[in-house]
Amino acid sequence: HYGIDWVRMIKHAREILHRGNEVGKMMTVVGEEGISVDDLVLYLKSEMLDFTYLQQNAFDDVDCAASMERQVRDFSLLYRALSKEFSFTGKKEAREFFTKLQDRFYQKNYTPENSEEYDRLTREIEELLETGGR
């Protein structure tokens, strides 16, 4: 009842985690210079998924007890970022964009639902996704 594409989205997110982990292992061996911008974007997406959705802060009242509805809504927004095709001119631009995007998702995790701050951060995320950081 989370939507017709829920299982597909979860499987795709799991694949991003797996492939991003493989890129991370490659970077350990050859460094960031030895991978493509597309591989770096995949790695950054997997890191963002891990840090902003899979890891929760048990010591924060908001983050430790998110309702299932919020988790579904937040994952759906995150999935838009995971499934979006980006075109960056270089690795620095990709890193800067994902740092900004990940920060907004992270801040939103600590913000109560139905607050102005939650709505503002959601709008900022949507704007970043729409513009690709430009």
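This is a predicted model: local features need pLDDT of at least 70, side-chain atom pairs count only at pLDDT 80 or more; totals for chains, interfaces and linings use all residues.
Figure 1. A search through the whole structure turns up ten aromatic pairs, and one of them joins Tyr106 to Tyr110.

Figure 2. Phe97 and Phe98 form an edge-to-face aromatic pair. Here the ring centres are 5.2 Å apart and the planes make an angle of 85 degrees. Are these two residues buried or exposed? Both Phe97 and Phe98 are buried. Elsewhere in the model, look for Trp6, Tyr53, Phe75 and Tyr79, which form one aromatic cluster.

Figure 3. Helix 5 covers residues 116–131, which makes 16 residues. From first C-alpha to last, helix 5 reaches 22 Å, close to the 22 Å expected at 1.5 Å a residue. Which residues of helix 5 are buried? They are Tyr118, Leu121, Thr122, Ile125, Leu128 and Leu129. Seen down the axis of helix 5, these buried residues fall within an arc of 125 degrees, so they line one face of the helix. The buried residues pack against helix 3 (68–83) and helix 4 (91–109).

**Figure 4. Glu113 in its loop.** Glu113 is found in the loop between helix 4 and helix 5. With a relative accessible area of 28%, Glu113 is partly exposed. Leaving aside residues up to four places away in sequence, Glu113 touches Ser67, Arg70, Arg73 and Tyr118. Which side chains make polar contacts with the side chain of Glu113? One belongs to Ser67, at 3.5 Å, and another to Arg73, at 2.2 Å.

**Figure 5. Helix 3 among its neighbours.** Helix 3 has 16 residues and spans 22 Å between its first and last C-alpha, close to the 22 Å expected at 1.5 Å a residue. Its buried residues include Arg70, Asp74, Phe75, Leu78 and Leu82. What do the buried residues of helix 3 pack against? Their partners are helix 1, helix 2, helix 4 and helix 5.

**Figure 6. The largest nonpolar core.** In soluble globular proteins, nonpolar side chains tend to be buried together. The largest nonpolar core in this model has 31 residues. Met48, Leu82, Phe98, Leu101 and Phe105 have the most contacts inside it. Helix 1 (6–30), helix 2 (37–54), helix 3, helix 4 and helix 5 each give two or more residues to this core. Zoom in on Leu82: setting aside residues up to four places away in sequence, Leu82 touches His12, Ala13, Ile16, Lys45, Met48 and Leu49.

**Figure 7. Ser46 on helix 2.** Ser46 lies in helix 2 and is buried, with a relative accessible area of 4%. Not counting residues up to four places away in sequence, Ser46 touches Ile16, Leu17, Gly20 and Asn21.

Notes. Residues are numbered from 1 along each chain as its sequence is written. Side-chain values use heavy atoms; hydrogens and water are left out. Helices (H or I, at least four residues) and strands (E, at least two) are DSSP runs, numbered from the N terminus. The expected span of a helix is 1.5 Å times one less than its number of residues. Buried means under 20% relative accessible area, exposed over 50%, partly exposed in between (1.4 Å probe, protein chains only). The arc is that of the directions from the helix axis to the C-beta atoms. Contact means heavy atoms within 4.5 Å. A polar contact is a pair of N or O atoms within 3.5 Å; within protein, one must be able to donate a hydrogen and the other to accept it, and residues adjacent in sequence count only if both atoms are side-chain atoms. A nonpolar core is a set of buried Ala, Val, Leu, Ile, Met, Phe, Trp, Tyr and Cys residues joined through side-chain atoms within 4.5 Å. Rings of Phe, Tyr and Trp (its six-membered ring) pair if their centres lie within 6.5 Å; planes under 30 degrees apart count as stacked, over 60 as edge-to-face and the rest as tilted.
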